[in-house]
Amino acid sequence: LEMLRVAAIAAILTVAAAKDHYDLDGDGVVGIDEFAVVSFAEQGLSKGEIGEIVKVSDRNGNGVLARDELQQAKNALERVAKEKGSEWLKENDVNHDGRLSKDEFQNAVMKKVGLGHKDIADMFRMGDKNRDNFISYNEAAIAFYLMRTKSILEANKMLEKFDSDKNTRLSEDEAVLMADVAFDVGTDDALDAFVRVARNEVEIGSSLMEGLLETLRESAIDNVEERIRQVDSDGDGVVSFAELRRRFRKKKGTLLKKLFRKCDVNRDNVLNGPEWVTLTTEVSMLKKRKVSTTLILDYNIHC
């Protein structure tokens, strides 16, 4: 009986902690909007996925999650997150051994978001809980979560830089300029990406920025061979540091070396396609000033 009482107290404390975690305005209740905001930030689920969870959990439809409803929603959230992690692992498990090696993990992350060697190595280390140098199905949810967290942070940085009118959203023109400067993606592909991600929205806010960056990165990687040919003087299909220096003559050698090492994720001393796309984005972020409205107008005139 005592054990049951302790277990009950522990369960109550767990739910209470969860309630505080989701109660963003501190009013003692968890609204469905608060749950959605925290769920998106922590798990990166889509609005539709979170909406379905809330719809089922908020049984009386009052827009507030009571203690038992919150626990139900939290359990559903964790279940969906695990399912998404497993799907992601399966999609990127090239040799079909039911786990991700370091190389498979690096490639999986690089397809989605342009991160440097240290960030990806740190994510792999944190995700590899049993230290066997693989990401298993049991570890996939946390690894996927770590990647999504980084992806959201990168999306917020890009939004801040290219949001010229400071309305916390990207217009079509702002998105086209970002595609050109940060990804070397042309206007037609940029507009196509914008329409696909925005759907019926006129502008893209923070919740859709991650999807826009992923779509632009995918487009950049698909067309990267032509970009590399412009720099690749020896024709080996990759970019060496010497070739990089010739491409960016005005940049300091020490800065370029730092960028090169950061973007050389697999440490083979050359930049492949996805690594080159990451470097392009990194170079675009070097300027400290934000993109101005004047630059947007100037860009449109010259286009």
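The model is predicted, so local features need pLDDT of at least 70 and side-chain atom pairs count only at pLDDT 80 or more, while totals for chains, interfaces and linings use all residues. Residues are numbered from 1 along each chain as its sequence is written, and side-chain values use heavy atoms, with hydrogens and water left out.

Cores to begin with. A nonpolar core here is a set of buried Ala, Val, Leu, Ile, Met, Phe, Trp, Tyr and Cys residues joined through side-chain atoms within 4.5 Å. Buried means under 20% relative accessible area, exposed means over 50%, and partly exposed is in between, with a 1.4 Å probe and protein chains only. The largest core has 39 residues, and Met178, Met209, Leu212 and Trp276 have the most contacts inside it. Helix 8 (172-183) is among the helices that each supply at least two residues, and its six residues are the largest share. Helices are DSSP runs of H or I with at least four residues, strands are E runs of at least two, and both are numbered from the N terminus. A second, separate core of 19 residues includes Met123 and Met147.

Next, helix 14. Of its 12 residues, 11 are buried, so the helix is largely enclosed by the rest of the structure. Among the buried ones are Trp276, Glu275 and Glu282.

On to charges. A salt bridge is a side-chain nitrogen of Lys or Arg within 4 Å of a carboxyl oxygen of Asp or Glu, and the structure holds 17 of them. Arg148 pairs with Glu210, with closest N and O atoms 2.6 Å apart. Arg148 is in helix 7 and Glu210 in helix 10, so this pair ties together parts 62 residues apart in sequence. Arg148 counts as buried at 8% relative accessibility, and Glu210 is buried at 6%. Salt bridges with shared partners join Lys112, Arg148, Glu210 and Glu214 into one network.

Within helix 6, Lys118 and Asp122 lie four residues apart, about one turn, and form a salt bridge at 2.8 Å, N to O. Lys118 is exposed at 57%, whereas Asp122 is buried at 17%.

The side chain of Asp128 does reach the backbone nitrogen of Asp132, at 3.2 Å.

Conventions:
Polar contact = N/O pair within 3.5 Å; in protein donor to acceptor, adjacent residues only side chain to side chain.
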